[in-house]
Amino acid sequence: MNHRRLRRLLIVGSALLACACSSLGVKPWQRDILAREDMQLDSEPLDNAIDDHLYFSKEASSGGRSFAGGGCGCN
Amino acid sequence: MTFSAMASPCELLLPATDQADAWELGMIVAREAWRVEQKYSRYRDDSVVAWIHRTRGKEVEVDAETGSLLNFARQCYELSDGMFDVTSGKLRQVWRFDGSNRIPEPLAVKRLLQYVGFDKVQWRPPHLMLPAGMEIDFGGLGKEYAVDRAFDLLAERRSAPFLINFGGDLRANQPPPHGPWQVGIERPDTDRDAAMVLELERGALATSGDSRRFLIKDGVRYGHILDPYTGWPVVNAPRSVTVAASSCTEAGLLSTLALLHGIHAEAFLDMQRVRHWIFR
Amino acid sequence: MQLKPRPTVIRRGLIAASCVLLGSSGARGQEVVQTGGDAETDGGQIDWLLDSALAYYHENGRIQAIEPVVSIRKDDGAGELVNFNLTYDSLSGSSPNGALPSNKPQTFASPSGKSLNAAPHTYTTASGQTSVVSAPIYTTSPGQLPVDPKYHDQRLAVGGSWQIPWSRLTNASFGGKVSYEHDFLSLAANASIAHDFNQKNTTLSFGINDETDAVRPIGGAPVPASDYALFEKSGNKSKNGAGMLLGLTQVMNRRWLSELNLSVDRFTGYLNDPYKIISVIDSGGNTTGYLYEKRPDARTRKSVYLENRVAWNRASAALSLRYMTDDWQIHSDTAQLRVRWWTAGHDQYWEPTVRWYRQTAADFYTPWISSAASSYLTYASADARLGAFNALTYGLKYAFKLNDALDQPGSEFSVRLEYYQQTFFNKLPAPAALQGLDLYPGLRAILLQVGFSY
């Protein structure tokens, strides 16, 4: 995938999100599906931690979902 | 010792107690059950609830017990994000669950929804303002609350084991000398004879169910648990939910909420990490 | 640690409300056991949740690692969350040292630098000077990528976080982490605050984190850009970092949740890898010596992260996109898709995943230095992790719930396998003597993990 296209996708997605906020959403009693475990943003914390550690030690980028910064000497 | 209250068979189990004591304790429990019923039943003209409805939008001051029930109702409304709503009883005006095929017109249901919603109630203890046309119904809490009140009255007087059971909502203080209380949970709509048996040592069990009151039209079954947002029955609600908790009120609320979660009842109760039994 | 909107675990709040209504008898405890009959669902009642995993990582012909992780958390249902976690990892194998393959055998000293137990060896600098050093050595055969074959490292990290409700719609979170290796120590702390709007459909969060690391390489940190053969060391170093994260989470509809994070962080101090060197080559491409790498002493990174989660009845998908840029001129794009398929009984799931990653090289990244340029170097590093490459990960996870077997809701056993591959692009044309050698070998690795939650 062309990285410029990806960036544009990201910007468009962010803009949509930003202007959609006040009109979007669900009533409190419609949160049944959102309460499912696989719809939680941190549904797999250990998998994410292990992956993040792997990518931090093999790539130059880290973070995004949470704070960047490694905490280990694997650079 | 058994009696009838709140349209249910009620009983008090007192192992190894003599007749006179049993009668006295039984009367305490029965009187408390009748008192709570008389005070909060929506079917009685002399109840506090009927009196509140007659105020038609004016602000009134309620007594301490009603106040604490309203506080609890509001807490539950907030905790459940609006799913548990004591004002949803208004929808009974169009939904009559008599096993027939008379389901209401969608427009009629929609019109009633303007009178549903605890956020429309102004409750600043001890002052309550219920907008005209709205209703408060403690039916979802009443029986379980009565169990807990009767439990407290007995627990003050008696440290020996006892179990209070109001039509399936029950609570025990400790196990009888011969072993745990054997509680049978009826399995709805099945042709299996054996009920599920639970051994209760202490605490409460409450059961909410959908199997008795319903409508059937065009092959679709409409259970009597209504979604307070849409005004229509919850889809895919389990037939029966039993929850175990420390107090009957807590157990009752969780079982009612589980029914309201419909198909996600199991996921909801799993997340609350309570012991529960669901039948579909 | 980032704050996430949590699903309502209402039990504690409910118990508290019941206590107010009923007096203290509202929470006197209960015990019930089921015998006879069978029910479709049964639940348990414990507050602490345990997550554990054991990961095994294997790079083709290079590093292997074992990493057990344990995490326990407690959610009291009224908004307070506590979490403790412990990570241990043990790496061993061969680690590239940054030098290029050559047509001649190459000898390197092990990072332990000078040692009395090793035989003395003569090293020649790029400019022709010699030095004699007693240190364990390793040699690389002609045509092979130079790797330190006895690389080993062990790390132990302990962390915790605490989230407390500030008001009904706001909560604050604090966290910290300590990571210890024999040559590296890291201390980090973070704090964030999150506020819900719009009937809890929108959550805005802001967090800051701070990290301080002590870099204590074996034998001391080498003087950056100094000649390898001189073994000039300058003791222990440190680096510090601080970052900010602004997050927005939005419920789009009943089945779709979106998250957008903007973050910036800055690290200063000793940012070099003390064990990495760069080959110095003459005009013909022959290796004449090596230099220690030298990176700038500051790095500022900015990133934008967007994640979308969508659910259907028996499946859900999560797509995350990240764009990162920094002042070393590294830009990276990441896209990851995870799809979860539940089985009919909602008690098992399969979760395939694919991740695509691309990064451009740091402006001072260079696989080699020409001897002509070596005397007026500003920054240089041959560390492959700063190069230009694409990386692709394919993975599959399988898990099954153990609710009934263990009488504990939320229990799960999982197994996960991932294949990770890095491929370089923008390769510089190889000078004469290096023709035919694989100067950009890339990386291929697998990750196998088993997990258990209770």
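Q: Is Lys239(C) buried, exposed or partly exposed?
A: Lys239(C) counts as partly exposed, because 19 other C-beta atoms lie within 10 Å and a residue is called buried at 20 or more. Keep in mind that this is a predicted model.

Q: Where does Lys239(C) sit in the fold?
A: Lys239(C) belongs to strand 13 of chain C.

Q: And which residues is Lys239(C) in contact with, leaving aside its neighbours within four places in sequence?
A: Asp213(C) and Val215(C), plus the run of Phe267(C), Thr268(C), Gly269(C), Tyr270(C) and Leu271(C).

Q: How far apart are Lys239(C) and Ala298(C)?
A: In sequence they're 59 residues apart, and in space it's 9.2 Å from C-alpha to C-alpha.

Q: How many helices and strands does chain A have?
A: Chain A has two helices and zero strands. Of its 75 residues, 48% are buried.

Q: New topic: hydrophobics. How many residues are in the largest nonpolar core?
A: That core has 80 residues. Ile164(B), Val243(B), Ala251(B), Leu254(B) and Ala258(B) have the most contacts inside it. By element, helix 6 of chain B (residues 248-260) gives the most, with eight residues.

Q: What about a second core?
A: A second, separate core has 18 residues, among them Leu46(A), Ala53(C), Ile63(C) and Leu91(C).

Q: Going back to Ala251(B), what is it in contact with?
A: Apart from neighbours within four places in sequence, Ala251(B) is in contact with Glu144(B), with Ala204(B), Leu205(B) and Ala206(B), and with Val243(B), Ala244(B) and Ala245(B).

Q: How do helix 6 and helix 7 of chain B cross?
A: Their axes cross at roughly 145° and come within 8 Å, helix 7 being residues 265-272. The crossing of helix 6 and helix 7 of chain B is right-handed.

Q: Which residues meet there?
A: From helix 6 of chain B you get Leu254(B), Leu257(B), Ala258(B) and Leu259(B). Across from them, helix 7 of chain B brings Ala265(B), Phe268(B), Leu269(B) and Gln272(B). Sorted by class, that helix-helix contact has seven nonpolar, one polar and no charged residues.

Q: OK, strands now. How do strand 2 and strand 3 of chain C pair?
A: Strand 2 (residues 48-59) and strand 3 (residues 63-75) of chain C are antiparallel, over eleven bridges. One example is Tyr57(C), whose bridge partner in strand 3 of chain C is Ala65(C).

Q: What's in the turn between those two strands?
A: Strand 2 and strand 3 of chain C make a hairpin with three residues between them. Gly61(C), in the turn, has a positive phi of about 75°.

Q: Switching to chain B, what's the strand order in its open three-stranded sheet?
A: The order is 3-5-4, with antiparallel pairing. Strand 3 (59-61) and strand 4 (122-124) of chain B each have a single partner strand, so one side of each has no neighbour in the sheet. From one strand to the next, the twist averages 15°.

Q: How many bridges join strand 3 to strand 5 in chain B?
A: Three bridges, with strand 5 being residues 127-129. In one of them Val60(B) has Leu128(B) as its bridge partner.

Q: Last one: what's the pairing in the 16-15-21 sheet of chain C?
A: The pairing in that open sheet is mixed. Its edge strands are strand 16 (287-292) and strand 21 (368-370) of chain C, and the twist averages 35° from one strand to the next. Strand 15 (residues 277-281) and strand 16 of chain C are antiparallel over five bridges, and Ser279(C) stands opposite Tyr290(C) in strand 16.

Methods
Residues numbered from 1 in each chain as written. Chains lettered and ligands numbered in written order. Predicted model: local features only at pLDDT ≥ 70, side-chain atom pairs only at ≥ 80, totals over all residues. Helix = DSSP H or I, 4+ residues; strand = E, 2+ residues; numbered from the N terminus. Buried ≥ 20, exposed ≤ 12 C-beta atoms within 10 Å, placed from the backbone. Contact = placed C-beta atoms within 7 Å. Core = buried A, V, L, I, M, F, W, Y, C linked by C-beta atoms within 7 Å. Axes fitted to C-alpha atoms, helices over the stretch in contact; angles between N-to-C directions. Left-handed = near helix turned anticlockwise from the far one by under 90°. Nonpolar A, V, L, I, M, F, W, Y, C, P; charged D, E, K, R; others polar. Pairing = 2+ DSSP bridges.
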